[in-house]
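Colleague: Please take me through this structure, one feature at a time. I shall ask about individual residues as well as about packing.

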Amino acid sequence: MVDQLLFFIEVVVGGLLAGTMYSLVALGFVLIFKASATFNFSQGAMVFFAVLAFVGFMQDFNVPFVLAFFLAVGLMVIVGLCTERLVLRPLMNQSEDTLLMATIGLGYVLEGLAQAMWGVEVRRLDLGIKDFPIPWIADNLKLFISAIDLTAGIVAFGMIIGLSLLFKYTKMGLGLRAVADDAGAASSIGIPLKHIMLLVWSAAGVVALVAGMMWGARAGVQFALVDLALKALPVLIIGGFSSIPGAIIGGLLIGAVEKVLEVYIGPFFGGAIEGWAPYVLAIFFLLYRPEGLFGEKIIRRV
Amino acid sequence: MSSTSGNILELKNVKVVYDNVILALHDVTLNVPKGKIVALLGGNGAGKSTTLKSISTMLASERGKVTGGSISYDGNPIDKQNPSQMVNLGMVQVLEGRRCFGHLTVEENIISGAYSRKLSRGDINQELEKIYGYFIRLKERRKSQAGFTSGGEQQMIAVARAMMAKPKMLLLDEPSMGLAPQLVAEIFNIVKELNQKEGVSVLLAEQNTNVALKNSDHGYIIETGKVMLEGSAKSLLNDDKVKELYLGISKEGRKNFRDVLKEESKKKSKKKVN
């Protein structure tokens, strides 16, 4: 009985830790959604692009780890800059559907560029962290928690805190929240939309890089990362598209639920249900609570 | 004319088209003298907001375009600027319907107005205190979420926010909209105070003709995108046609300006025939 309980806790903790990564990627979506009211379909491609570039710098050019990381960050800022200049600015004031289609197109461009530059084979990424249970926790708490899950969880949590502080206390953050509330009013008082766009796309790029590194370290840097990142979609449906806390909690929820379902219900379906179970959950949310758990409270005075 | 004429803003035969087809302004010519308050009056759809947006260059975001005439601000033509450049030049528009950032606090809303200026934390606090001096009500509510404040407070937030950009000229779009008369008076008093103490020139679009004219120096009446009448605020307040059409002091039913002008020209032509 105790063993079963411990196993359940293990599954949940593992799921929550994996969920922090979904939270982080979902956060990238939320940022862009808040600033430009569009769902950024190219986020998955950004994850792939960022981490492939990072691995490419390290393996093809023998750049040391830290430098490769900052090069990749720089590259993602450049991607953000180009996106703002070449895609978003010309499409300013067009309908949201137009922007949505543009992000889909952008996704293909990024996927193609990444593969053209670095090739198509799956690359191994070694962060020096093993996908094995941490001995200390295994000995003392009798829980088998993977070191890489724990690292990913801590990194994602740290980044989420960092981003929240950035938005709460910096001038740029204030600008972003203003634009998210009312872009027209923000531009009427001189908040330049292009700076804010650059900020959110760069932030989304860095988030994509970190998520890609964590996922890539476990499963290899490969094209499948694009689809993995799109798991942020059910996260957002559950958490609410415009809510930062929603993205975080939605991610954790999806992480935990998909692991629990996989372990306890998966065998009845022949396994591998974690790929689609979150989408089923998302459909239930769409039916019964379409604004998500934390969808922007619509403030209405009575 | 140049800036030596003493006008901070000059519009000459301005024509505006939306979506390449809808003609919103036919012919608007107006001047705002430096340091004065000018009222732009007219009913719904007369073109007041369009006029203001053509000045602040906010038109582009609604797919509108100035297709004729000229606008000059502070002696320089406005054509290629964008709204944030206009704010840097000292021209800020307070949009119709207040448009506060509902999820931000009152204070964050006001501080966001200083975004275009490079101010230190200390300078911002100093400016804030100055602004709170005019908007005492807002100081009490500084920590509340703006979306939950009253309509009057939201209008004050919008004006206070605009003032944080240290404008030389304010464009106010219907500050009285949906507010109780007492609040309207309070807001107009603040606007007047800002005009006198800070030297801000004001162009305000209003439907509330009475209050607007009582608080301004000069007035323009526009209808269907055309300036129909202009004059000093006093003369407009005493003008029979304005009284009848916009102040509701009338013997007959409601008419619009065009009808009155038509009738007058008919009378004139009859006289000539006689």
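Colleague: In this predicted model, is Pro278(A) buried or exposed?

Modeller: A residue counts as buried with 20 or more other C-beta atoms within 10 Å of its own, as exposed with 12 or fewer, and as partly exposed in between, the C-beta atoms being placed from the backbone. Pro278(A) has 25 other C-beta atoms within 10 Å, and is therefore buried.

Colleague: What pLDDT do local features need?

Modeller: Residues are numbered from 1 along each chain as its sequence is written, while chains are lettered from A and ligands numbered from 1 in the order in which they are written. In this predicted model, totals for chains, interfaces and linings use all residues, side-chain atom pairs count only at pLDDT 80 or more, and local features need a pLDDT of at least 70.

Colleague: Which residues are in contact with Pro278(A), leaving aside its neighbours within four places in sequence?

Modeller: Pro278(A) lies in helix 13 (residues 277-288) of chain A; helices (H or I, at least four residues) and strands (E, at least two) are DSSP runs numbered from the N terminus. Its C-alpha atom is 7.9 Å from that of Val235(A), 43 residues away along the chain. Contact requires C-beta atoms, placed from the backbone, to lie within 7 Å. Beyond its sequence neighbours within four places, Pro278(A) is in contact with Lys231(A), Pro234(A), Ile254(A) and Glu258(A).

Colleague: Which residues does Leu31(A) touch, not counting those up to four places away in sequence?

Modeller: Leu31(A) belongs to helix 1 (residues 2-36) of chain A. Leu31(A) is buried, because 25 other C-beta atoms lie within 10 Å. Its C-alpha atom is 9.4 Å from that of Phe241(A), although 210 residues separate the two along the chain. With residues up to four places away set aside, Leu31(A) touches Val200(A), Ala203(A) and Ala204(A).

Colleague: At what angle do helix 1 and helix 12 of chain A pack?

Modeller: The crossing of helix 1 and helix 12 of chain A is right-handed, that is, the near helix is turned clockwise from the far one by less than a right angle, anticlockwise being left-handed. By class, their contact has 17 nonpolar, eight polar and two charged residues, where Ala, Val, Leu, Ile, Met, Phe, Trp, Tyr, Cys and Pro count as nonpolar, Asp, Glu, Lys and Arg as charged, and the others, Gly among them, as polar. Axes are lines fitted to C-alpha atoms, for helices over the stretch in contact, and angles run from 0 to 180 degrees between N-to-C directions. The axes of helix 1 and helix 12 (residues 244-264) of chain A are 6 Å apart, and the packing angle is about 140°.

Colleague: Which element provides the largest share of the side of chain A that touches chain B?

Modeller: The contact takes 17 residues from chain A and 27 residues from chain B. On the side of chain A, seven are nonpolar, six polar and four charged. The largest share of that side, six residues, comes from helix 7 of chain A.

Colleague: How many of the eleven residues of helix 7 of chain A are buried?

Modeller: The buried residues of helix 7 of chain A pack against helix 1, helix 6 (147-169), helix 8 and helix 9 of chain A, together with helix 3 (106-112) of chain B. Among the buried residues are Arg177(A) and Asp181(A). Helix 7 of chain A is largely enclosed by the rest of the structure, because the number of its eleven residues that are buried is eight.

Colleague: What is the phi of Asp74(B)?

Modeller: Most residues other than glycine have a negative phi. Asp74(B) lies in the loop between strand 4 (64-73) and strand 5 (76-77) of chain B, and is partly exposed, with 17 other C-beta atoms within 10 Å. Although Asp74(B) is not a glycine, its phi is positive, at about 55°.

Terms used:
Contact = placed C-beta atoms within 7 Å.
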